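Please look over the model below.

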Amino acid sequence: MTILPVIPISPDQPDAVQTRRRPSMPPRHLADLDLAARRAAVTELGEPAFRAKQLSTHYFGRLVRDIDEMTDLPAASRARLTDDLLPTLLTPMRELACDDGATRKTLWRLHDGALVESVLMGYPDRVTACVSSQAGCGMACPFCATGQQGLTRNLSIAEIVDQVVYLAGVAASGAVTGSPPRLSRVVFMGMGEPLANYPRVLAAVRRLTAPAPEGLGLSQRHITVSTVGLVPAMRRLIAEQLNVTLALSLHAPDDDLRDELVPVNQRWKVAEVLDAAFDYAAQSGRRISIEYALIRDVNDQPWRADLLGKLLRGKLAHVNLIPLNPTPGSKWDASPKPVEREFVHRLRAAGVATTVRDTRGREIDGACGQLAAGELSEASAGGAADAEVAQ
Ligand code: SAH
């Protein structure tokens, strides 16, 4: 039996109680359940079983998240179903756009007041959603804004999926100029450590990749899970035999520095974490992506490029260099361009495929400093018009 702590509530401070709710998991939502469980849930609510498919077709097939827009449902059914299967999980607080509307960031408030972000990035050939898997993060990487906040809580399956369904709806509305209307990729590079919320992230991946109306019908290959390197969870992921792409946030090729930049390295060392990543590549047949935020005079020395090259040479891996996005008050800065070029040159000379991530969305990163654009590209930053589109 678990005994829950009793939280004293002062009757003198009703406002404080209201505004500082305790973190808690949200109510159940359609996207938490597979199709069979949705059928069971609707019958329990006194509705015919076919409603499960009807709701699913609206939500996953047509990207309709508001039950009032599901006009083929009788009003009485809508009233019955909304609380139990389509509660509002995400309330938009702010929406920001830049890169001439090709990048859009949404700040969400969750039911308990926690805040998370998602980003939609449009390219000429694809649209990518960058989503959060936790509110805050417990990994404490010192250069990352979310890492400074600590962990508030895990997101539920549906809180993850609903970010994607919302962004797919934005893309479908044609709002991402110059891009196809169908969202095709998802990267778990928003807030949080996805592998620290393993069962829910995995279930979210399954829901995103199940064919409609059970899920969103995305290809596993077009989903990237990014991790600091939680080795047991990486091993578990290998055993799932999925085709999702794995990104490993390495940031240093030596334990001395990685112990500081990615504190979880004190537990699982560079050699061990790379071993797990290479095993993932061997199982999935998919190249792993090594993320490396270049930080001026910290991890950008030529000898570190050479060491990284040595570790990755001949492996099914490529390096994705990220110019550091300095967080407010940080002592660190991005590396100068000539230093970055030398780093790239040395890695390529060692035979390691290397790209520099574009700085997409940098202008609207301010509040978080973390949601670097999730796709590798050597494209330049593009237009920098920074427009607030909604409050
Ligand atoms: N926790 C996961 C996923 C979230 S972060 C992970 O660490 O992989 C996605 C990527 O952005 C990670 O590679 C992370 O190290 C990087 N990142 C975080 N803060 C950054 C910053 N200020 N500048 C550049 N990249 C950053």
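Cys137 is in contact (heavy atoms within 4.5 Å) with Thr146, Gly147, Gly150, Leu151, Gly192 and Glu193, leaving aside neighbours within four places in sequence. Cys137 counts as buried because its relative accessibility is 9%, and buried means under 20% relative accessible area with a 1.4 Å probe, protein chains only. Cys137 lies in the loop between strand 5 (134–136) and helix 5 (145–149). Helices (H or I, at least four residues) and strands (E, at least two) are DSSP runs, numbered from the N terminus.

Cys144 lies in that loop between strand 5 and helix 5 too. Cys144 counts as buried, at 12% relative accessibility. An unreviewed UniProt entry lists Cys137, Cys141 and Cys144 under "binding site"; such annotations may be inferred rather than shown by experiment.

This is a predicted model: local features need pLDDT of at least 70, side-chain atom pairs count only at pLDDT 80 or more, and totals for chains, interfaces and linings use all residues. Residues are numbered from 1 along each chain as its sequence is written, and side-chain values use heavy atoms, without hydrogens and water.

Now the ligand. Polar contacts are pairs of N or O atoms within 3.5 Å.

| Residue | N or O atom in | Ligand atom | Distance |
|---|---|---|---|
| Phe143 | backbone | nitrogen | 3.1 Å |
| Ser226 | side chain | oxygen | 2.6 Å |
| Thr227 | backbone | oxygen | 3.4 Å |

Taken alone, the ligand exposes 530 Å², and the protein buries 97% of that (Shrake-Rupley method, 1.4 Å probe).

How values were computed: A polar contact is a pair of N or O atoms within 3.5 Å; within protein, one must be able to donate a hydrogen and the other to accept it, and residues adjacent in sequence count only if both atoms are side-chain atoms. Buried means under 20% relative accessible area, exposed over 50%, partly exposed in between (1.4 Å probe, protein chains only).
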